[in-house]
Amino acid sequence: MKLEDYIYLDEQEKPLDHPVTDGGYCGILQKVAVIGDSLSSGEFESCDEQGNPGYHDMFEYSWGQFLARMAGITVYNFTRGGMTAKEYCESFAEQNGFWDPEKKCKAYIIALGVNDIINQKQEIGSTDDICVEDYTKCKPTFMGYYGQIILRMKKIAPHAKFFLVTVPRESDPVPTSGPEYEIACAINELANFFDRTYVIDLFRYAVAYDKDFKARFFMSGHMDAVGYQLTARMIASYIDYIIRHNPDDFKTVGFINTDAYNVGYQP
């Protein structure tokens, strides 16, 4: 037996260099919630003879459900087309019971920002807008609402892992300005602010979602079925990379949301 045949450990590896098709080490997370917008909801865009668009959230085609089937885990869709962090905090989560402790998970994947920043031009803010002591006092900015989501989920599942997804770029080389860049900077700042929190940096490490990519994997303004499955493979491969490169962070994942612990290891 060769260990490297079972766990890839190249120190020079970048996050998406080693693709997995079986979920990889995502399988250890067991129960995951995805918080996101249309691109997390498996939304397909229809168009009638008059050119009128229609929008259809089809969760069974979401990358979260492809990930669930791939890795053999449970994934909740806490998602809807058009979702923003603001709406999630102010109404959507409460209306759908997403703050319910019975739905607590071992990990949360958050993919927001397109509607917040690009479509609605909300102020991004900073981590100064996050009130750790009282989430109701977080300021009404993208960072404030995003931080509120994490704080409330941490209250429900204190030792859960958080994976924050950046918005992919549309061109090469990697831009150093523009809304996708600003969102990526905000997401990285949030990950540095919170413990047990990691970045799935598609902005930096995924291929550019350029004209050729969209011709192959999009149908009008949203992905097609192959695009959503491809996204699931990228998310799975990135989380697998994070787990392999941070083994000490995931030793006690089996104890998350239980009363068990091991005094020799950080939860």
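Predicted model: local features only at pLDDT ≥ 70, side-chain atom pairs only at ≥ 80, totals over all residues.
Helices are DSSP runs of H or I with at least four residues, and strands are runs of E with at least two, numbered from the N terminus.

| Helix | Residues |
|---|---|
| α1 | 63-71 |
| α8 | 225-245 |

The α1 and α8 axes lie 8 Å apart at an angle of about 60°, the axes being lines fitted to C-alpha atoms over the stretch in contact and the angles running from 0 to 180 degrees between N-to-C directions. The two helices are therefore oblique to each other, a class left after under 35 degrees (roughly parallel), over 145 (roughly antiparallel) and 65 to 115 (roughly perpendicular).

Helix α8 also contributes to a pocket lining: α3 (114-119), β9 (222-223) and α8 each supply at least two residues to the lining of the largest pocket. The largest share, three residues, comes from α3. By class, the lining divides into 14 nonpolar, eight polar and five charged residues.

Residues are numbered from 1 along each chain as its sequence is written, and side-chain values use heavy atoms, with hydrogens and water left out. Local features need pLDDT of at least 70, side-chain atom pairs count only at pLDDT 80 or more, and totals for chains, interfaces and linings use all residues.

Definitions and conventions: Nonpolar A, V, L, I, M, F, W, Y, C, P; charged D, E, K, R; others polar.
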